[in-house]
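Take a walk through this structure, one stop at a time. Keep the sequence beside you as you read.

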Amino acid sequence: MMKQRLASSSPMQFFPLQTSQIMLLVILATLPAMLVATWFFGYGVILNVLFATLVGVLCEATISRIRGRSVRATLADNSCLVTAVLFGMTIPPGTSWWLIVMGMVFAIALVKHAYGGLGQNTFNPAMAGYLFLLLAYPLDMTSWHLPAAAMNFNSASSPLGWQGFLQSLGCLFPFLPLLGDSLTVDGLAMATPLIESKLAAGNAIKAALEEGTGLFARSSETGWELINFAWLLGGLFLLVTRLISWHIPLSMIASTLIMSLLYYSPSAVAVLGTPYLHLFGSATMMGAFFIATDPVSAATGSRAKIAYGIIIGVSLYSIRVWGSYLDAVAIAVLFGNFCAPLLDRLLAPRKYGHPGLFSKLLGDITTGKSSP
Amino acid sequence: MIRQAFSDLFERLGSTSRRGIRPATLRESSLRSRIMPTPIPRELILSLQHYPDTSAKDVSSMKPCVEVGEWVAKYQLIAREKGPNATRLHAPTSGTVQAIEEIPPAVNGQRARLAIRLLTDTDERELPLEPPSDYRSLAPEQMIQLIEDAGICGMGGAGFPTATKVRDALEKGVKTLIINGVECEPYISCDEALIRERADLTVQGAELLQAACLADDCVIVIDNAMPAARQALKEKLQGSAIKLQVVRRRYPAGDERQLVKAVCRREVPNDGHPTDIGVLVQNIGTAVAVYEAIVHAKPCISRIVTLTGSALLTPKNFDAPIGTPVQHLLNLCGVNENQHEFTIRGGSMMGQYLMDQAAPIEKTTNCIIASNNAEIPEREAEQACIRCGYCEQACPAQLQPQRLLASIRNEEWQDTVELGLDDCIECGACAVVCPSRIPLVSYFRAGKEIHNEDHSAQRQSRHWQERFQFHQYRIKKNQEKARSAKVAAQSAGEEQGFSRDQARMEISAAVERVRRRREALARETGHGEEKS
């Protein structure tokens, strides 16, 4: 013990938080959104998250075993829990188990470990896993199988009841004999949180707002807004605790807002959407606070983070309005991931005592000779 | 002028002006009592290696000018500097030189060094000091000579000889003298204690230093976590031309380059010193030592040391003679043996674990922390870097530690240079904030060492490299010669007009000749074919 101490060197004091604890706090920050989503869509959300976590942990353990690493140490960083929670909340509730298995294995095995494990992955595992499913199984990723009570707003029974639980479980594991005649499930093809207004969700939300539906009345339309506010709440928690810096969320939200304001026209709301819709009608808040800020795949410096956020915000809007992909946030974030290493290099902070880029250029212009 | 303004503006955009970290202050316990004079220990150990952690191969940077068995008086010169980077050493008290021998390294990574063991007597007989009759009328060069004679070095920790530094400043001409009273390490309180109790000496020392380097202005800088010191300085500074500046407490605000930026709003060039932009920085303890040296001609034989940590019953600051064994000071504070698990020399941010409790206090030793695992827990196991960028936000040198780490792990030395490995001041702020508990600063120290070794190896091998290149050049030249000869031969062949078509024609012509000859032969023999 004493010998170890002597061999180690300064500093001897550390800030209290460790990587594994940061990951747990991020999961804590997703709780509001998880609760609101469960309120609207039933237990499917939580079942998704739990099952994805189970698959993720098993996959991570297997792969670190194969790679000859300590399973315990790999699992101890809790990073696969965050991936599983975010992945589980992105895919629609009621998705079959094998889709979740495919997505999580893709995320952990290929996107994370094939690149060298935590810290080495270029792309956000949760988003890459989701996008893989979206491209391979677009129909399943846009179909929502919800308990009947969650679909029928005037239903007396709640989707949070016993029946709703059985229905959600039956959707996840269709081979279980849970979905009998009495336990019917409604299927609905609609936009996922990440699929955008041009698929008419805009009109639906607009109608919901005009009809003055009660805020917490179960309706899939107002649900999106409240889920977004819940993500915002969790995001503010991350900001206040300084787990994330303001640069990425602010620049991403601001650039999305500016784009939607620039192109806003009352006559074309159905196509271009309103600024409010762009911020709260889809997955912008989740993307800004939880997806784009994934440290491993994001830019690191302050300037680089701002540029990264702007790239994601602008491409997010562009994909939504002019693109033909089903989803905008996931693709925009992966696009940002592509740019992050370059941004870190180009927008590196000026080292103390070194001339900055601008004075280097000016030096070239005014003195006519290149600076060292 | 306009160019400067523009480049300043653009460089400030996007670069966070306030970097570093803010650890909690833990100075209160050692500031409860006043600075305590130290009873002379039985034995003083005076290290002859000036730079405490130098990697120099020599076991000493000072040459003793006393012999074993010789009796020395207090203030007597006992060792002279060997080179320009060392100071001279005086006897802190009277006694007999017991031995001049190698002592074990005090901290990890240090080499064995030579030291004078002085067996003290209780007489404290001193040499008569010869103070200048009117120190106010001294010329700068005379003052610097007095500083040099007194053996003063930077008391902040780096320990660079003060006379050399001031002389350099005088030659280059400085505008601003900064007296550094900022203490950013959590535990160290020796500077604050000094200002509180000897503010008048501090101010006079600053004035003398200003006169010695002929600076236009002088600023004493302290941080905002020391209100009592601020009050004391304010009183003493009334009517003085010296300014007082209070900076926000932040680690490492007390670093020379950080301080220059905070006070002058300018950065020290990466390959230069503060004197290159007309600034001289001196520690507050140095200023007091300078006062003693110039006014009383008193050599530097003691310094203020903070003794603190939860294992001590009464943490306090000592005015300790140079060479006092650490154990002696620990005993004076009272050690709770059950809680004393390790000792740190220096602060908890940049200090090192003390391997030998008998190691002496040196001119650069500012703090001793006797602590345990409950107070200062061991670093947790290292996890993977998640590129969170906390280190980049904290780095006062505005580097990207996470990228530096990757390039050092991959041994891409060209990249490490571009990323500014040489600009790293090894403050350790990155390692403090790292949630994955990666000892970043250790990687950087190791990287610097390996890289420098590579460089010296490169220099050694340059000769052979040149030989090799010449060899390569000769081979290439010979090859070219051979090739050109071949090409010449080829082109000669082409001139003869040797081509495939021609060959075919020649062959067919030969075949025709053979056929005709056969026909002619057949005709000559008449019915030769029927016969056969």
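Predicted model: local features only at pLDDT ≥ 70, side-chain atom pairs only at ≥ 80, totals over all residues.

B:Lys74 counts as buried, because its relative accessibility is 12% and the cut-off for buried is under 20%. Where does B:Lys74 lie? B:Lys74 sits in a loop of chain B, between β4 (71–72) and β5 (77–81). Look at what surrounds this lysine.

Now step back to chain B as a whole. Chain B holds 16 helices and 17 strands. Its length is 532 residues, and 48% of them count as buried. How do contacts in chain B span the sequence? Take the contacts in chain B with a separation of 6 or more. Of these, 71% join residues 24 or more positions apart.

Next comes the meeting of the two chains. Chain A brings 52 residues to the contact, and chain B brings 74 residues. Between them the two chains bury about 5,300 Å². Carbon and sulfur atoms carry 51% of that area. How many salt bridges cross the interface of chain A and chain B? The rule finds two. One salt bridge pairs B:Glu267 with A:Arg350. Their closest N and O atoms are 2.9 Å apart. Polar contacts are counted as well: 28 residue pairs between chain A and chain B, with both residues at pLDDT 80 or more. Which parts of chain A supply the side that touches chain B? At least two residues each come from α1 (2–7), α2 (19–41), α17 (302–322), α18 (329–346) and α19 (357–367) of chain A. By class, that side of chain A has 24 nonpolar, 19 polar and nine charged residues.

Two of those helices deserve a visit. Start with α2 of chain A, where A:Thr30 is found. Is A:Thr30 buried or exposed? A:Thr30 counts as buried, because its relative accessibility is 1%. The side chain of A:Thr30 reaches the backbone oxygen of A:Ile27 at 2.5 Å. Beyond residues up to four places away in sequence, A:Thr30 touches A:Val85, A:Leu86, A:Met89, A:Trp231 and A:Phe290.

Move on to α18 of chain A, which holds A:Gly336. Its relative accessibility is 0%, so A:Gly336 counts as buried. Setting aside residues up to four places away in sequence, A:Gly336 touches A:Tyr308, A:Ile311 and A:Ile312. How far is A:Gly336 from A:Ser297? Along the chain they are 39 residues apart, while their C-alpha atoms are separated by 8.6 Å.

A:Ala254 lies in helix α13 (residues 247–262) of chain A. At a relative accessible area of 31%, A:Ala254 is partly exposed. A:Ala254 and A:Gly309 are 55 residues apart in sequence. In space, C-alpha to C-alpha, they are 8.9 Å apart.

Finish with the aromatic rings. Over all chains, the structure holds 15 aromatic pairs. How do the rings of A:Trp98 and A:Tyr137 meet? Their centres are 5.5 Å apart and their planes are at 85°, so the pair is edge-to-face. This pair links distant parts of the chain, 39 residues apart. A:Trp98 is in helix α6 (residues 97–113) of chain A. A:Tyr137 is in the loop between α7 (125–136) and α8 (138–142) of chain A. Both partners count as partly exposed: A:Trp98 at 34% relative accessibility, and A:Tyr137 at 24%.

A second pair is A:Phe106 with A:Phe132. Here the ring centres are 4.2 Å apart and the planes are at 5°, so the pair is stacked. This pair also links distant parts of the chain, with A:Phe106 in helix α6 and A:Phe132 in helix α7 of chain A, 26 residues apart. A:Phe106 counts as partly exposed at 22% relative accessibility. A:Phe132 counts as partly exposed at 25%. Which residues form one aromatic cluster? They are A:Phe51, A:Trp97, A:Phe173 and A:Phe175.

Note on methods:
Residues numbered from 1 in each chain as written. Chains lettered and ligands numbered in written order. Heavy atoms only, no water. Contact = heavy atoms within 4.5 Å. Buried area = accessible area lost by both parts, 1.4 Å probe. Salt bridge = Lys/Arg side-chain N within 4 Å of Asp/Glu carboxyl O. Polar contact = N/O pair within 3.5 Å; in protein donor to acceptor, adjacent residues only side chain to side chain. Helix = DSSP H or I, 4+ residues; strand = E, 2+ residues; numbered from the N terminus. Nonpolar A, V, L, I, M, F, W, Y, C, P; charged D, E, K, R; others polar. Phe/Tyr/Trp six-rings, centres within 6.5 Å; stacked < 30°, edge-to-face > 60°. Buried < 20%, exposed > 50% of the residue type's maximum accessible area, 1.4 Å probe, protein only.
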